[in-house]
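Open the model in your viewer and keep the sequence panel beside it. This tour tells you what to select at each stop and what is there.

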Amino acid sequence: MDGMIGWLGEAYPWVKAAHLIVVIFWIAGLFMLPRFLIYQTQTAAGSAEDLAWVARIARLRRIILNPSMILVWLLGLSLAFDIGAFDQPWFHAKLLLVLLLSGYHGWAVGTAKKIARGHRPASETALRWMNEIPGIATILIVILVVVKPF
């Protein structure tokens, strides 16, 4: 294939496709988790409904969020090393945004664990605002990757 300069060779488009697929899963999970937390905070701590949300959120973390974030990093770093992206300014900005999004992931999971223990550390309004972060990050990352403005 033309332009295959890195160690991935002809596997590059397949790795890129896999990366995009797990990015979609990760972002979908990051959209779902704060929404689930909003619904959960509207229940009485320890109620049957609250415990049902605890179980749903645990499954979301175990099946979608954590595995997809790990795969995003593994596949993304493979692609970056393959094309020599670490020398490109647009990639530095993208990497920073993905690091921040990973921190957001950690915050959301930590908040979910606190809520599962009966604490309500964030208001419904704060959770609604925090729910906007994955969308904003996705917009910026896609622009950086596609347009490469710098």
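**Stop 1: an exposed isoleucine**

Select Ile-139. Ile-139 counts as exposed, at 53% relative accessibility. Exposed means over 50% relative accessible area, buried means under 20%, and partly exposed lies in between (1.4 Å probe, protein chains only). Ile-139 is found in helix H5, residues 133–147. Helices here are DSSP runs of H or I with at least four residues, strands are runs of E with at least two, and both are numbered from the N terminus.

This is a predicted model, where local features need pLDDT of at least 70 and side-chain atom pairs count only at pLDDT 80 or more, while totals for chains, interfaces and linings use all residues. Residues are numbered from 1 along each chain as its sequence is written, and side-chain values use heavy atoms, with hydrogens and water left out.

Now extend the selection. Accessible areas come from the Shrake-Rupley method with a 1.4 Å probe, and for residues only the protein chains shown count as cover.

**Stop 2**

Select Lys-148, in the segment after H5. Its phi is near 50°, a positive value in a residue other than glycine. Most residues other than glycine have a negative phi. Lys-148 counts as partly exposed, at 40% relative accessibility.

**Stop 2: zoom out**

Show the whole chain as a cartoon. What does its secondary structure come to? The count is five helices and zero strands. From the N terminus on, the order is α-α-α-α-α. The C-alpha atoms fill a box of roughly 60 × 25 × 15 Å, taken along the principal axes.

Switch to a surface. The chain exposes about 8,400 Å², and carbon and sulfur atoms supply 71% of that area. Buried residues make up 37% of the 150 residues.

**Stop 3: the salt bridges**

How many salt bridges are there? The count comes to two. A salt bridge is a side-chain nitrogen of Lys or Arg within 4 Å of a carboxyl oxygen of Asp or Glu.

Select Asp-50 and Arg-120. Their side chains meet in a salt bridge, at 3.4 Å from N to O. The pair links distant parts of the chain, 70 residues apart. Asp-50 lies in helix H2 (residues 48–83), and Arg-120 lies in the loop between helix H3 (89–116) and helix H4 (124–130). Asp-50 counts as buried, at 1% relative accessibility. Arg-120 is partly exposed, with a relative accessible area of 29%.

Next, select Glu-124 and Arg-128. They form a salt bridge, with the closest N and O atoms 2.7 Å apart. Glu-124 and Arg-128 are four residues apart in helix H4, so about one helical turn separates them. Glu-124 is partly exposed at 30% relative accessible area, and Arg-128 is partly exposed at 35%.

**Stop 4: inside H3**

Select Ala-108, in helix H3. Is Ala-108 buried or exposed? Ala-108 counts as buried, at 0% relative accessibility. Leaving aside neighbours within four places in sequence, Ala-108 is in contact with Leu-33 and Leu-37. Contact means heavy atoms within 4.5 Å. Draw a C-alpha distance from Ala-108 to Leu-37: they are 71 residues apart along the chain and separated by 8.9 Å.

Stay in helix H3 and select Lys-94. Lys-94 is buried, with a relative accessible area of 15%. Not counting residues up to four places away in sequence, Lys-94 touches His-19, Ile-141, Leu-144 and Val-145.

Across the chain, 78% of contacts between residues at least 6 apart in sequence join residues at least 24 apart.

**Stop 6**

Finish with Gln-88, in the loop between H2 and H3. Gln-88 is partly exposed, with a relative accessible area of 24%. Draw a line to Ser-47, 41 residues away along the chain. The C-alpha atoms of Gln-88 and Ser-47 are separated by 52 Å.
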